[in-house]
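Here are my notes on the model you asked me to look over.

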Amino acid sequence: MVEITSPAFKANARSAMADEQLQKAMGHVRHNFIDKRATAAAGLDEFEDLRDSAVAIKNHVLEYLDLYLEKYEEKVIESGGHVHWAATAADARGQILDICRKAGAKTVTKGKSMISEEIALNDSLAANGIEPVETDLGEYIIQLRGEHPSHIIAPAVHVTMDQVREDFLKHHTHLPPDRPLDEPEQLLREARAILREKFLSADVGVTGANFLVAESGTSVIVTNEGNGDLTQTLPRIHIVIASIEKIVPTLEDMSQIVRVLARSATGQDMSVYTTLSTGPRREGDPDGPDEYHVVLLDNGRSSMIGTEFQDMLRCIRCGACMNHCPVYHAIGGHAYGWVYPGPMGAVLSPSLIGVDKAGHLPNASTFCGRCESVCPMHIPLPKMMRHWREREFEKHLSPATQRGSIRGWAWVAKRPLLYRTIASLSARFLWLLGGFNRRIKSLPLASGWTRHRDMPAPEGSTFMSQWREHQASLKGDL
Amino acid sequence: MPKSISQKPRVALFVTCLVDLFRPSVGFASVKLLEDAGCDLEVPMSQTCCGQPAWNSGDREDTKDLAKAVIKNFEGYDYIVAPSGSCAGMLKKHYPEVFAGDAIWEERVEKFAEKVYELTSFLVDVLKVEKVDAIVKADITYHDSCAGLRELGIQEQPRKLVNSIKGVKLKEMKDSDVCCGFGGMFSVKYSDISNSIVTTKTENIEAASPHMLLAGDLGCLLNMAGKLRRQESSIEVRHVAEVLAGMVDNAPIGERASKSGRP
Amino acid sequence: MSQRDEILGRIRSAIAPNGNDTERRKNLRTHLTSNGVIPKLPKSRAGIQTRFKERAIVADATVEFSKPEAVAKNISKYLRDHNLPAIIKTGDDQRLRKLLKGSDKLLEISRGISDGNDLVGVSHAMGGVAETGTLFMTSGKANPTTLNFLPETHIVVVNENDVEANYEDLLKKLRRKFGVGKMPRVLNMITGPSRSADIEQTLILGAHGPLRLHIIIVRN
């Protein structure tokens, strides 16, 4: 199981902000993705219409998800593949392990898959004597480092080039230690050569899926490196691990969503490889896997249907929300403490691991709304974070002091006369604290604020009392 | 210029709790701007707060009570105007969500929400104000507060009016549309993250080298002013309404007097 | 209860607790119910081909037009220009066989899948899409999938008549060829050579797949 550190979110965030390497690496995120997405979106006249179309497709699927899943299963079987239904992460791990054991697998190559992270597949394979090899360059780097992805499409975005060089020198000990490794290109070439061997010798290849097409029982991966394709083409067995909401009805529906996916993610018009796979090697096929398995994971998703969190199942994992999130920019992905970071994680993680553990995540947002504005699937992320806050408030999971102060403040705000009095007293009190320079350097009840910034002092009396005087003086003038 | 009294739109000022407590000048500036633009302006005296702190804390019941009070107090006017995109957004966009599925209130809220505007967008979009009379000699940079920008589409309106001030030069900062890190309770609950975000923001503000930073929301302004003061910056901070009303002789936010060196 | 029934049951009770599945099934979308929003492109053949070339170049591919009889010569020139030996691996594609017929002096051709030791793979695409400069490649003996990924240099030949405006145009052709609800084992939609930006967001071509993608559009 991936260790859940979400309850320690605040401490995680603090150490992330003090981590110089991380902050240096995050510097690249703050504009790159954003500028590229903006250019790509502006470059396609139909982009906004395509967003609406993509939303409509996913909403339609969610209305008939059971039937589309049945249809998809039927077509996979028809094409010679196998479908395994996994209610939980443990079920999925067990099913994949079974397939690997039956095949006598020693090495499993892996394409990039967040579902594999969600079910902690690598740990389970390794514990059973099977070597998992991540083949996406970013995933490979963090596997060497013993880390987890900090971004759903750029897993090693928190790592600097210097760190990658150190990791390669440490792990690739069969190569001369004085070889040149000063350019990203040299690092990439080295990883390519090492992983090429792994691709050719692996027994099983595991990939995720961006889409499952019901019409034809097809799984689709969208990648840039080509590692996913080598993962699924060269070994004897291809296992697709995908969650149930990846279904689209037809190839045309896939094309609609593909048009917004890469543009929102990396700002490419189209990722390099969009690969549609249907079943195992056929008669006359000179290459391709002998067996094709799909593990369909639920793991809490079916329980989101019909709730205020259903819209989250439209998510296509493009990462635009985190690319545009000021909180993510400040702290990176690991601070969120589980598999899915950023705004989408702040909504999804509480659904999957419980709001008692992930409670900080939907709270750690300024509700600036930038995530929602760029989400290709128009998922109302801030609204759903607020729904989590409501759940926490109802269940008394929010901190008692915070709860008490909100309720107390609301009690006063419902009584205008009392409110006026307290507001006037506060204005006067804070005015006094402001002293000669009109700013408050330290305020015990708002120490979080004054630790980092001054509290501008008020002008002394409230608007309402000044207005009352002003009105009275006008009347007096008459 | 004004039409006969009966033809003037009856406008209620929603002062907002932050303006009430921290910066009454913004309220008076708003009154001036709205009256100059021909409004019959009133300030309902029993107003307190829109309920946003409760709403964003997950306290739906208290939000409902506060929202009902606001609606009762304000629904009789032609328009409800607030010098804040955040509070106006709460009234206009979030109240309908607060009462979603409530058979008794749904329609009433909808009628109410239609009449709510943020100050600069009301002036430009509804009253068709093209320019203001103020004279302020200053280089100005403008921060787009998130709720105003993304919930209400406020971006051009304040700039249009600011550009009409004699003596003003608008110097755009980088990422003016990125959050300042305020986020209400966020700035206290997650103060370290908030600090990181506002630090990036003040870097961008300084890089534009203005005399003055403006925005349309007092929450954001208190945050950015608080950081700029802590950093001993000379940039003065004001609500856009103050400058549009030409009311810049009083002390800027968080300062005894302006040190910005504007002419 | 099987996990399948458990999952489907949970979904059903959430979305259609009293639903009639026969009725509901009538609302399912099968193929071609709707194409959705289709980006507008030039109507003329020439316009579509120009756009295809433009977009493929934006995606870091190189593109040339060639007469059928000049394909072998152009491949050999491309290899020479890139300091590559005139040795290529291809599949069993009949169109390619015809185009490369009699080119023994120019090119050393071997046929079959790639085992990772080939420098240059040559494939014939099912078609190209002008929208994004994307090639459609289907798996099989004619054009083994390994040729698309293992060699460092991938040369793809496509007939000018198979360059269409939108993805949907080629999907339609695909259905005509394979049947409704049927697919080739693999359909690779390829847009440019492989790449990674995983190290400090520096874009580098040639990650695990080809470093170079050269497209030859054959004029009839």
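The points below start with ground rules, then take up chain A, its sheet, its two partners and the domains of chain B.

1. **Ground rules.** This is a predicted model, with local features needing pLDDT of at least 70 and side-chain atom pairs counting only at pLDDT 80 or more, while totals for chains, interfaces and linings use all residues. Residues are numbered from 1 along each chain as its sequence is written, and chains are lettered from A and ligands numbered from 1 in the order in which they are written.

2. **Chain A overall.** The C-alpha atoms of chain A fill a box of roughly 100 × 60 × 45 Å along the principal axes. Its secondary structure comes to 24 helices and 12 strands; these are DSSP runs numbered from the N terminus, with helices being H or I over at least four residues and strands being E over at least two. Of the 478 residues in chain A, 59% are buried, that is, 20 or more other C-beta atoms (placed from the backbone) lie within 10 Å of the residue's own.

3. **Contacts inside chain A.** Two residues are in contact if their C-beta atoms, placed from the backbone, lie within 7 Å. Counting contacts in chain A with a separation of 6 or more, 74% are between residues 24 or more positions apart.

4. **The six-stranded sheet.** Have a look at the open, parallel sheet in chain A, which runs β1-β10-β7-β4-β2-β3. Strands pair here if DSSP finds at least two bridges between them. The edges are β1 (82–86) and β3 (131–134) of chain A, each pairing on one side only. On average, neighbouring strands are turned by 20 degrees against each other, direction ignored; the axes behind that angle are lines fitted to C-alpha atoms. At the β3 end, strand β2 (residues 107–110) of chain A runs parallel to β3(A) and is joined to it by four bridges.

5. **Which chains touch?** Two pairs of chains touch, and chains A and C have the most contacts. Chain B and chain C share no contact, and their closest C-alpha atoms lie 19 Å apart.

6. **A against C.** Here 77 residues of chain A meet 63 residues of chain C. Helix α11 (residues 184–201) of chain A brings the largest share of chain A's side, eight residues. That side divides into 32 nonpolar, 26 polar and 19 charged residues. (Nonpolar is Ala, Val, Leu, Ile, Met, Phe, Trp, Tyr, Cys and Pro; charged is Asp, Glu, Lys and Arg; the others, Gly among them, are polar.) There's also strand pairing between the chains: β9 (residues 273–277) of chain A and β9 (residues 186–190) of chain C pair antiparallel over five bridges. In that pairing, A:Ser277 stands opposite C:Val186.

7. **A against B.** This contact takes 54 residues from chain A and 57 residues from chain B. Helix α21 (residues 400–413) of chain A gives the most to chain A's side, with six residues. The residues on that side are 27 nonpolar, 13 polar and 14 charged.

8. **Domains of chain B.** An automatic or database assignment sets the bounds, giving domain 1 (5–125) and domain 2 (131–244) in chain B. Their centres, over C-alpha atoms, are 22 Å apart. The contact between them uses 29 residues from domain 1 of chain B and 22 residues from domain 2 of chain B. On the domain 1 side, the helices supplying at least two residues each include α2 (24–36) and α5 (85–98) of chain B. That side has 12 nonpolar, 12 polar and five charged residues.

Note on methods:
Buried ≥ 20, exposed ≤ 12 C-beta atoms within 10 Å, placed from the backbone. Axes fitted to C-alpha atoms, helices over the stretch in contact; angles between N-to-C directions.
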